[in-house]
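Please read them alongside the sequence and the model.

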Amino acid sequence: MTTAVLLILPLLALTTSGELSPGLTQDTTRRAGSKELEIAPNDGPNQVRTVVLDAGHGGKDPGTHGRYVKEKAVNLSLILQLGRKIKNKHPNVRVIYTRSSDHFVDLIERGAIANRNRADLFISIHCNASPSSSQVYGTETYTLGLHRTQRNLDVARRENAVILQEKNYQQTYKGFDPNSPLATIMLANYQHAFMGSSINFAEKIERSFRHNADRKSNGVKQAGFIVLWKATMPSVLIETGYLTNPTEEDYLRSDEGQDEISTAIYKAFLQYKQEIEAGE
């Protein structure tokens, strides 16, 4: 019990930066001489007006890799394609990227960008890895929550380990140890009001992968991800496939594969948006 208390108290004390990441691309403009963003008023309840799109990893953090491609490149390409699809069909929706080029963004800053812009939805895209087998394949979508399998915990620990590349991470995360299973469990126990909506959206994504991209879906899962922890809106982390599987790597780096994946996510977004705005 003492160990759990000592671990959870630092988590509650995490702070975020007040600056936007360099290279951020967005639809909004800055006021002259101000760091604040022009935010369009929300003209009604249950509207999806602002979406923050997060390409996992970047810059000095390549993420996982296959034979030919690094995860950070696949993530960025998919996120930019998804953003274009949303803007083409919904010009009134603000699309904000946590990164629009190959640079590093702290994990905690990604959710902070969504919070500062009062986003209605946060989507983080990643690629998966299976160190034990090159035959594992398929998609899975995560929400913040308590892992139910060792593999879910391993995915969260691998993604959270990115903080070790951040400057002053010991101070920023107040002693959080990404290699500690107990610390990750404590993080996952932090529940918020958007869990139901997050799971709803995640289910739509996995269903769309099956029906619109003919992908094997490994289902909706939960684990303790720092990138989702501070986001105060429905949030998901999508593992689009395994770069450690040669066949899946070829698919994920192909134009056809990236178009199918981004289209499937867009169709899930459209279904979620229509449902929310209809008040269902």
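1. Strand β1 (residues 50-55) pairs with strand β3 (residues 121-128) in the parallel sense, over 5 bridges. Helices (H or I, at least four residues) and strands (E, at least two) are DSSP runs numbered from the N terminus, and two strands pair if DSSP finds at least two bridges between them. Alanine 55 stands opposite isoleucine 125 of β3.

2. The model is a predicted one, in which local features need pLDDT of at least 70 and side-chain atom pairs count only at pLDDT 80 or more, while totals for chains, interfaces and linings use all residues. Residues are numbered from 1 along each chain as its sequence is written, and side-chain values use heavy atoms, with hydrogens and water left out.

3. The open sheet is formed by 6 strands in the order β2-β1-β3-β6-β4-β5, with mixed pairing. Its edge strands, each pairing on one side only, are β2 (94-97) and β5 (217-223). From one strand to the next, the twist averages 20°.

4. Helix α2 (residues 71-89) packs on the sheet and touches β1, β2, β3 and β6 (235-242); contact means heavy atoms within 4.5 Å. The direction of α2 makes about 145° with that of β3. Helix α7 (residues 195-212) lies across β3, β4 (139-144), β5 and β6, and runs at about 175° to β4. Axes are lines fitted to C-alpha atoms, for helices over the stretch in contact, and angles run from 0 to 180 degrees between N-to-C directions.

5. The largest nonpolar core has 36 residues, of which Ile123 and Phe201 touch the most other members. Such a core is a set of buried Ala, Val, Leu, Ile, Met, Phe, Trp, Tyr and Cys residues joined through side-chain atoms within 4.5 Å, where buried means under 20% relative accessible area (1.4 Å probe, protein chains only). The elements giving two or more residues to this core are β1, α2, β2, β3, α7, β6, α9 (246-253) and α10 (255-277); α10 gives the most, with 8 residues.

6. Not counting residues up to four places away in sequence, Phe201 touches Leu121, Ile123, Val236, Ala268, Phe269 and Tyr272.

7. The axes of α2 and α10 come within 9 Å and cross at roughly 50°. Among the residues making the contact are Leu78 and Leu82 of α2 and Ile265 and Phe269 of α10.

How values were computed: Buried means under 20% relative accessible area, exposed over 50%, partly exposed in between (1.4 Å probe, protein chains only).
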